[in-house]
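Hello,

Here is the structure I promised to pass on. Please look it over before reading my notes.

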Amino acid sequence: MATPLLAQQNNQSSTVNAIVKEATENSQLKRMAHELIDGIGPRLVGSTKMLQASDWAMNQYKQWGIDARRENYGTWRGWDRGISSIDMVSPWIKSLEGTQLAFSPATKKPKTGETIILADVADSVAFKAWLPQVKGKYVLISMPQLTGRPDYNWQEFAQKESFEAMKKERDAQTEAWRKRISKTGLTNAKLALALEEAGALGIVSSTWSNGFGVNKIFAAFTRKIPTVSVALEDYGLLYRLTESGNQPKITVNTQSKELGTVPTFNTHAEIKGTEKPNEYVMLSAHLDSWDGATGATDNGTGTLVMLEAMRILKKVYPNPKRSILVGHWGSEEQGLNGSRAFVEDHPEIVANLQALFNQDNGTGRVVNLGGSGFAKAKDYLSKWLAATPDTIKNRIKTTFPGTPGGGGSDFASFVAVGTTGFNLSSLSWSYGAYTWHTNRDTYDKIVFDDVKSNAILTAILVYMACEEPEKISTEKADLPAGQKWPSQVKSKRSGGTN
């Protein structure tokens, strides 16, 4: 007769094998990725796309027999993206690669005007004297890049002295542009508003992401005129033509729709526990994205991991000992607002949280897992991780007790209040340069084998945390000198209007 311990081990092995088998033989990742990322698209806070994504996720859960709900926590400026067309019409004709920034005002109809470069003035007084010159023109406010080749390309092909000379010149140019902005006496936001009030037709920017063909796409500061981002190559063309006196003209047509004030929300799904239903193991990923592309790796892939893990768990572990709860957070990109609101609104869940597993930073397989600064983290995370297949656990570097995350992603909202949130940190796949908040964060950048590995890992960790006999320790480790445990930050419950 098998001993109770042996029986438990056999049951554990059987469930883990079932998780791997289901994930491998019946993966829903590609279907869901196409529906969410291609079919719905970007999920900007306040947009109808974010609402569609929430509806879609809840429908997935309901099809799998999992209870799902949407929970409002505040409001935001509602805005939907429309078409963007930016064309140079003089001194020759060229359609420019670019798009309006999020929350940019619409042009209502195409508007043509000359371009002008933000002046390099002596001080704020001189800037005010120069401001009338922008009336009826499009203002170029970004530094033109010295090179459109990433450093890795220079390192591979350039002579060492050429590379060093380029970097030195670029550093000097960057510092000179920083001073140019500083001498206006205005922040970036106030500078945009000053140009708007002076009668500019629009603002043209370009925030290069240090890779071929990639720009960062964030939000506009203007309230009445459009702000557009133009690709490095086309921005440089406009800048050089303007600087040399060729008086280029561009036509800008940006359509967008203001939706008034709309709700902000988190999307949740739950598999109720059987033995300890008031204790929780949580899965965590933000559903929102920036909208310069379709948010595939930030954070479509994290969202897909949690959906797939929940689907698998419902099928192979339908009666968990503890309740399994997933948080698809809203407005992470504006400051972890959804998860911070949840922490504030649900102290009863936070107080009874066994563990939370968060995934955010791209499509790569998980390669780092830290203890988030909890003194006893090694005791349980190591045991849970040991249950995963060798092909997964042997690639993961663990750091105990680790350091508490002060921000960056939604697990930090939980760590700040002393509860056990852990971040599943993944392999880069050039995330920082090529997909994080860029115009190239699209379906084709997903590495599905890695996402599948992460879904297996997450499902097993959640299963093991549910089965753990005791509630795990939240004792904090002693931090190195000079480090402090992060303080709780309140959620921003409304925004987007200023």
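Predicted model: local features only at pLDDT ≥ 70, side-chain atom pairs only at ≥ 80, totals over all residues.

Residues are numbered from 1 along each chain as its sequence is written, and side-chain values use heavy atoms, with hydrogens and water left out. Helices (H or I, at least four residues) and strands (E, at least two) are DSSP runs, numbered from the N terminus.

**Helix H8**

H8 covers residues 232-243. Its 12 residues should span 16 Å at 1.5 Å a residue, and the end C-alpha atoms are 16 Å apart, which agrees. The expected span is 1.5 Å times one less than the number of residues. H8 is mostly covered, with 9 of its 12 residues buried. Buried means under 20% relative accessible area, exposed over 50%, and partly exposed in between (1.4 Å probe, protein chains only). The buried residues are Leu232, Asp234, Tyr235, Gly236, Leu237, Leu238, Tyr239, Leu241 and Thr242. Just after H8, glycine 245 has a positive phi of about 85°.

**H2 with H3**

The axes of H2 (residues 29-40) and H3 (residues 48-63) come within 10 Å and cross at roughly 160°. The two helices are therefore roughly antiparallel. Axes are lines fitted to C-alpha atoms, for helices over the stretch in contact, and angles run from 0 to 180 degrees between N-to-C directions. Under 35 degrees counts as roughly parallel, over 145 as roughly antiparallel, 65 to 115 as roughly perpendicular, and the rest as oblique. H2 supplies Arg31, Met32, Glu35, Leu36, Gly39 and Ile40 to the contact, and H3 supplies Lys49, Gln52, Ala53, Trp56 and Gln60. Contact means heavy atoms within 4.5 Å. By class, there are 5 nonpolar, 3 polar and 3 charged residues. Ala, Val, Leu, Ile, Met, Phe, Trp, Tyr, Cys and Pro count as nonpolar, Asp, Glu, Lys and Arg as charged, and the others, Gly among them, as polar.

**H9 with H16**

The axes of H9 (residues 296-316) and H16 (residues 448-467) come within 8 Å and cross at roughly 50°. That makes H9 oblique to H16. From H9, the contact uses Thr301, Val305, Met306, Glu308, Ala309 and Leu313. From H16 come Val451, Asn454, Ala455, Thr458, Ala459, Val462 and Tyr463. These residues divide into 9 nonpolar, 3 polar and 1 charged.

H9 also holds aspartate 298. Leaving aside neighbours within four places in sequence, aspartate 298 contacts His286, Asp288, Ser289, Glu333, Asp360, Tyr431, Trp436, His437 and Asp441. Its C-alpha atom is 12 Å from that of glycine 408, 110 residues apart along the chain.

**Helix H10**

In H10 (residues 337-345), 7 of the 9 residues are buried, so the helix is largely enclosed by the rest of the structure. They are Asn337, Gly338, Ser339, Arg340, Ala341, Phe342 and Val343. Their packing partners are strands E1 (67-90), E8 (249-271), E9 (276-286) and E10 (322-329), and helices H11 (347-350) and H14 (411-415).

**A loop residue**

Threonine 107 sits in the loop between E3 (98-100) and E4 (111-117). Not counting residues up to four places away in sequence, threonine 107 touches Pro226, Val252, Asn253, Thr254 and Gln255.

Best wishes
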